[in-house]
Amino acid sequence: MKVTVVGAGAVGASCAEYIAIKNFASEVVLLDIKEDYAEGKAMDLMQTASLNGFDTKITGSTNDYAKTAGSDIAVITSGIPRKPGMTREELIGINAGIVKEVSSNIIKHSPDVIIIVVSNPMDTMTYLVHKTTNLPKNRIIGMGGALDSARFKYRLAEALEAPISDVDGMVIGGHSDKGMVPLTRLATRNSVLVSEFISDERLNQVAADTKVGGATLTKMLGTSAWYAPGAAVSGLVQAIACDQKKMFPCSTLLEGEYGLNDLCIGTPVILGRNGIEKIVEIELDENEKKQLHESAEGVKKTNGLLDL
Ligand SMILES: NC(=O)c1ccc[n+]([C@@H]2O[C@H](COP(=O)([O-])OP(=O)(O)OC[C@H]3O[C@@H](n4cnc5c(N)ncnc54)[C@H](O)[C@@H]3O)[C@@H](O)[C@H]2O)c1
Ligand SMILES: O=C(O)C[C@H](O)C(=O)O
């Protein structure tokens, strides 16, 4: 299993590290445009192999896509991250050109690849890959919901004063400060609805904190987060590489599901060796449907800024 990670910055390197530590891929190629940068990150990571006990071979490449040839999965993290006070949507001007060029280069050398889009604004970048490549829809996946759900579980555990392994929950919708839809009604602690343990007011606070999870960290760090994003991507890569049939919320092209069309937005999907093997349509209540449709309007507005 060969995995390419384009962008050897904070998220790309973290993602490569988690993939290697989980020890399921034979090869990870890190690629960046900065001279020697990916090679340096790859060498540093390889020097952790004996310490962390993995056999994955990590190599670096300065913009040489020939080295990515025959990749089964490619992760796109190239592009600029936001600074405190910015929205993800403001990154579109620079990142759209990068994502378009990178996805085309990847496919030239790996026609059977499954692409995972991370660069922001992620739902719109995922849609851009659909519009500008001829890959089938099951092989274009946007990563956002897996990260947002991990943040939701963190906030739920905090509110419940419970270990994170006790809680379960999912965030659907757009990967944006306003567009996320944390499914508080369905969140559980050991199969018991969390509403049995905490007030509606506290649960609303959990949802609000979850939605601004990325912005909160960006303010604290001066740039956006990387550990949880890297771990979330590695989870999707592993589910595909190991044909796990695991369910994650991912950004996927909708064609009527949830009453939505012609956009990519986060919904639960089953991931296996073919990428997105199924879009799971869950029963939403009226309020959740309204939130999802409002989120979709926001994503479509951003998609409208693309030069297609
Ligand atoms: N979807 C998510 O959940 C999620 C989570 C975190 C970050 N992000 C996004 O991921 C992106 C990367 O974030 P980061 O913190 O790693 O940024 P970073 O600046 O640390 O790394 C980005 C890297 O991309 C490289 N790059 C730029 N143009 C390139 C090109 N044409 N080809 C190859 N490499 C190129 C840069 O040289 C840099 O090393 C940002 O857009 C950020 O908003 C998304
Ligand atoms: O917040 C960001 O801009 C980066 C990423 O989308 C995140 O949620 O951490």
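Is Y227 buried or exposed? Y227 counts as exposed, because its relative accessibility is 55%. The scale runs as follows: buried means under 20% relative accessible area, exposed over 50%, and partly exposed in between, with a 1.4 Å probe and protein chains only. W226 has 24% relative accessibility, so W226 counts as partly exposed.

A word on the basis. This is a predicted model, in which local features need pLDDT of at least 70, side-chain atom pairs count only at pLDDT 80 or more, and totals for chains, interfaces and linings use all residues. Residues are numbered from 1 along each chain as its sequence is written, chains are lettered from A and ligands numbered from 1 in the order in which they are written, and side-chain values use heavy atoms, with hydrogens and water left out.

Back to the rings. A pair of aromatic rings is described by the distance of the centres and the angle of the planes. Rings of Phe, Tyr and Trp (its six-membered ring) pair if their centres lie within 6.5 Å. The count here is one aromatic pair. The ring centres of W226 and Y227 are 5.6 Å apart and their planes stand at 50°, so the pair is tilted. Planes under 30 degrees apart would count as stacked, over 60 as edge-to-face, and the rest as tilted.

Now the helices. Helices (H or I, at least four residues) and strands (E, at least two) are DSSP runs, numbered from the N terminus. The axes of α5 (residues 122–132) and α10 (residues 286–303) come within 9 Å and cross at roughly 60°. Therefore α5 is oblique to α10. Angles under 35 degrees count as roughly parallel, over 145 as roughly antiparallel, 65 to 115 as roughly perpendicular and the rest as oblique. On the α5 side, D123, T124 and Y127 make the contact (heavy atoms within 4.5 Å). V299, T302 and N303 meet them from α10.

Finally, the backbone. Most residues other than glycine have a negative phi, and most peptide bonds are trans. N120 and P121 are joined by a cis peptide bond, with omega about -5°. P121 sits in the loop between β5 (114–117) and α5. D243 has a positive phi, near 50°. Its loop runs between α9 (227–241) and β12 (246–255). Y258 also has a positive phi, near 55°. Y258 is in the loop between β12 and β13 (261–272). At 11% relative accessibility, Y258 counts as buried.

Terms used:
Axes fitted to C-alpha atoms, helices over the stretch in contact; angles between N-to-C directions.
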